[in-house]
Amino acid sequence: MKIQEERVLLLMEENGITQREMARDLVISPTTLNGYLHGKYLHVPDDVICEIADYLRVSVDYITDRSALLQIGNGIHDKEEAVVIDNYRHLRPSDKKIAADLISQLLKNNCEDSSKA
């Protein structure tokens, strides 16, 4: 299996984790981890993928699934938007309702701010 480089690097950036720190914590050489993340190896061992997913607190599917990253619905979205949508898909139904309500409130606030300007 291959790792989705963009997703892992984004998660690392969001959590302030360097490749060197992650390699140390996972007891993998920094060079090997770099090769896994940047596709220098045709196959990343399943146990390593599981360790990386656990370390980043995400599912294995999330860091290996190509299909959901950029192609969503009928359009192509930028990486940040795609990650938000993909994260939403992994929420519990009750949390999806909270997220939808929050987005509605933010949009309402934006409209009110625009009308005041």
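Predicted model: local features only at pLDDT ≥ 70, side-chain atom pairs only at ≥ 80, totals over all residues.
User: With which residue does D95 form a salt bridge?

Analyst: A salt bridge needs a side-chain nitrogen of Lys or Arg within 4 Å of a carboxyl oxygen of Asp or Glu. D95 takes part in such a pair, with N and O 2.9 Å apart.

User: How many salt bridges does a search of the whole structure find?

Analyst: One of them joins R24 and D25, whose closest N and O atoms are 3.2 Å apart. R24 is exposed at 57% relative accessibility, and D25 is partly exposed at 39%. The search of the whole structure gives a total of three.

User: In which helix do D101 and K97 lie?

Analyst: An α-helix has 3.6 residues a turn, so residues three or four places apart point the same way. D101 and K97 are four residues apart, about one turn of their helix, and that helix, residues 93-116, is α7.

User: Are helices α2 and α3 roughly parallel or roughly perpendicular to each other?

Analyst: The axes of α2 (residues 19-26) and α3 (residues 30-37) come within 9 Å and cross at roughly 110°. Angles of 65 to 115 degrees count as roughly perpendicular. The crossing is also right-handed. By angle, then, α2 and α3 are roughly perpendicular.

User: How many of the residues in the contact of α2 with α3 are nonpolar?

Analyst: From α2 the contact takes in Q19, R20, M22 and A23, which meet P30, L33, N34 and L37 of α3. Of these residues, two are polar and one is charged, while the number of nonpolar ones is five.

User: Against which helices do the buried residues of α3 pack?

Analyst: The buried residues of α3 are L33, G35, Y36 and L37. L33 and L37 also belong to the contact with α2. As a group, the buried residues pack against α1 (5-14), α2 and α4.

User: Which residue with a positive phi follows α3?

Analyst: A positive phi also occurs at V27, a residue other than glycine, with a value near 55°. V27 sits in the loop between α2 and α3 and is exposed, at 74% relative accessibility. The residue after α3 has a phi near 70°, and it is G39.

User: What is the phi of R57?

Analyst: R57 lies in the loop between α4 (46-56) and α5 (60-64). Its relative accessible area is 68%, so R57 is exposed. R57 is not a glycine, yet its phi is positive, at about 60°.

How values were computed. Residues numbered from 1 in each chain as written. Heavy atoms only, no water. Buried < 20%, exposed > 50% of the residue type's maximum accessible area, 1.4 Å probe, protein only. Helix = DSSP H or I, 4+ residues; strand = E, 2+ residues; numbered from the N terminus. Axes fitted to C-alpha atoms, helices over the stretch in contact; angles between N-to-C directions. Parallel < 35°, antiparallel > 145°, perpendicular 65-115°, else oblique. Left-handed = near helix turned anticlockwise from the far one by under 90°. Contact = heavy atoms within 4.5 Å. Nonpolar A, V, L, I, M, F, W, Y, C, P; charged D, E, K, R; others polar.
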